[in-house]
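Dear colleague,

Please find below the structure that I am handing over to you, together with its sequence. My notes on what was found in it follow directly after.

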Amino acid sequence: FPYTTLFRSAYEFQEMDLSKDIFLIPYYVAKELSGRCIFYYLKDCGVNKLASEFRSASFVHVKGKYQCLALAKILLDSKNIDVFFLKGSSAIHMLAAFIYKRLNPSGQIVTFADMEANQAMELNKNSFVYSRGVVGFLKKTITNFFFHHSITLIANTEAFKIMQKLFDKKHWKGLLNFYPCIDDERFMQYGLKRIPFENKEKIMLCVGRIGCYQKNTEMLLNAIKQVDLKEWRIYMIGPITNSFNLNEKSEFSMVVADFFKENPQYKKNVIFTGMIYDQKQIMEYYIKAKVLLSTSRHEGFANVYSQAAALGCFIVSTDVGGADVCSNNWNYGVKLCQEDSAGLAKVIYDIVNDNLKIDETKSLTFEEMSYSTRIKKILLPLISVN
């Protein structure tokens, strides 16, 4: 059977990633190819330890500090790897891809190029090569080889457009605008259904890493203080943390405590749930909620947008990666200005008081935002496994 592998280049993998594209894209590809999916990682940075098996996928902890050694162990099995997933396009990944194709010429390489527009601009300017002379020549050669033999996935729309110019210029092939979707297999297994907007509850959601600089939770809390929420509830779902490492402590819990101390009237309206690992429970929140609130300063392509869109949530967000796509180009959402708490307060006020007319016919469908559909129609046609 086809055998797919992903190596997490950032050294880390954790339980939280099991609901994200970094796991779900290889998983759905393996599923469609009736194959096995194996993940290699150097460090588990989650609160709960990763199991060795999950949903027919295997997880292998490669002991050691250096990713080059981990890749070497994986490459020893190159002939049995039909689809080789890589997270990132650093020099070490390009070299691994080169070796892999030499050992298994018919094998396929899929690369997660997780980037935002500013990063894409920088890479475009330098064509991925930051050296001159002999070293620069060698890097240029291996870079050309890499992008001629890899399917490169970019989720962020603006980053994709910028990189498309470079790919066209270099005559590289395989660039694909592929973004996170909803885990429709799990959704169906749970027996859940999307419901009409009018049947949803008066709930707004904020989902993500609460309190970290990127998510700008302060903007949302400042906006809430300006509005009488009446019977509406806002659920803040996610860990209070400064980074992806959930074991790190955050001082933002003090900000939350101060918020309720100064505004005790919101204790029943604003609920901090903490991290929720139960994906069924998360999906049930999206089903019930009418609105997704996001105040991020920047995003590659946040998974929360896809899940919210698939389940009919109206998107209220700053203009960051994924918001434009999942709001159907803002036909089913409101675009916020960065750091504009007053503007967000006005939108929340209009929703609470039914001043904002929301047309559900302009929302994206569940099928459009599902992994099964997009994997079959968009990614698999580019993957040829014998």
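Asparagine 156 is located in the loop between strand E9 (150-154) and helix H6 (157-170); helices (H or I, at least four residues) and strands (E, at least two) are DSSP runs, numbered from the N terminus. The model is a predicted one, in which local features need pLDDT of at least 70 and side-chain atom pairs count only at pLDDT 80 or more, while totals for chains, interfaces and linings use all residues. Residues are numbered from 1 along each chain as its sequence is written, and side-chain values use heavy atoms, with hydrogens and water left out.

**Asparagine 156**

With a relative accessible area of 6%, asparagine 156 is buried (buried means under 20% relative accessible area, exposed over 50%, and partly exposed in between, with a 1.4 Å probe and protein chains only). A polar atom of its side chain lies 3.1 Å from the backbone nitrogen of glutamate 158, and the side chain of asparagine 156 also reaches the backbone oxygen of glutamate 299, at 3.3 Å. Both are polar contacts, that is, pairs of N or O atoms within 3.5 Å; within protein, one atom must be able to donate a hydrogen and the other to accept it, and residues adjacent in sequence count only if both atoms are side-chain atoms. Leaving aside neighbours within four places in sequence, the residues in contact with asparagine 156 (heavy atoms within 4.5 Å) are Met115, Glu116, Ala117, Asn177, Glu299, Gly300, Phe301 and Gly321.

**Two further buried sites**

Alanine 57 belongs to strand E6 (residues 57-61) and is buried at 0% relative accessibility. Not counting residues up to four places away in sequence, alanine 57 touches Phe23, Cys37, Phe39 and Ser52.

Helix H11 (residues 303-310) is largely enclosed by the rest of the structure, because 8 of its 8 residues are buried. These are Asn303, Val304, Tyr305, Ser306, Gln307, Ala308, Ala309 and Ala310. Glycine 312, which follows H11, has a positive phi, near 80°.

**Salt bridges**

How many salt bridges does the structure hold? There are 13, a salt bridge being a side-chain nitrogen of Lys or Arg within 4 Å of a carboxyl oxygen of Asp or Glu. Among them are the following pairs.

- Glutamate 122 and lysine 125 meet at 3.9 Å, N to O. They are 3 residues apart in helix H4 (residues 117-126), and so separated by about one helical turn. Glutamate 122 is partly exposed at 35% relative accessible area, whereas lysine 125 is exposed at 62%.
- Arginine 297 and glutamate 339 meet at 2.9 Å, N to O. Arginine 297 lies in the loop between strand E14 (291-294) and H11, and glutamate 339 in the loop between strand E16 (333-336) and helix H13 (341-352), so the pair ties together parts that are 42 residues apart in sequence. Glutamate 339 is partly exposed, at 48%.
- Aspartate 350 and lysine 346 have their closest N and O atoms 2.7 Å apart. Both lie in helix H13, 4 residues apart, about one turn of the helix. Aspartate 350 is buried at 13% relative accessibility, while lysine 346 is partly exposed at 47%.

**Arginine 186**

Which side chain of opposite charge is nearest to arginine 186? It is aspartate 183, 5.1 Å away, and arginine 186 is buried yet has no salt bridge; here Lys and Arg count as positive and Asp and Glu as negative, while His and the chain ends are not counted. Arginine 186 is part of helix H7 (residues 184-189), and a polar contact of 3.0 Å joins its side chain to that of glutamine 189. Apart from neighbours within four places in sequence, arginine 186 is in contact with Tyr28, Phe54, Arg55 and Met283.

**Phenylalanine 98**

Phenylalanine 98 is found in helix H3 (residues 91-103) and is partly exposed, with a relative accessible area of 30%.

Yours sincerely
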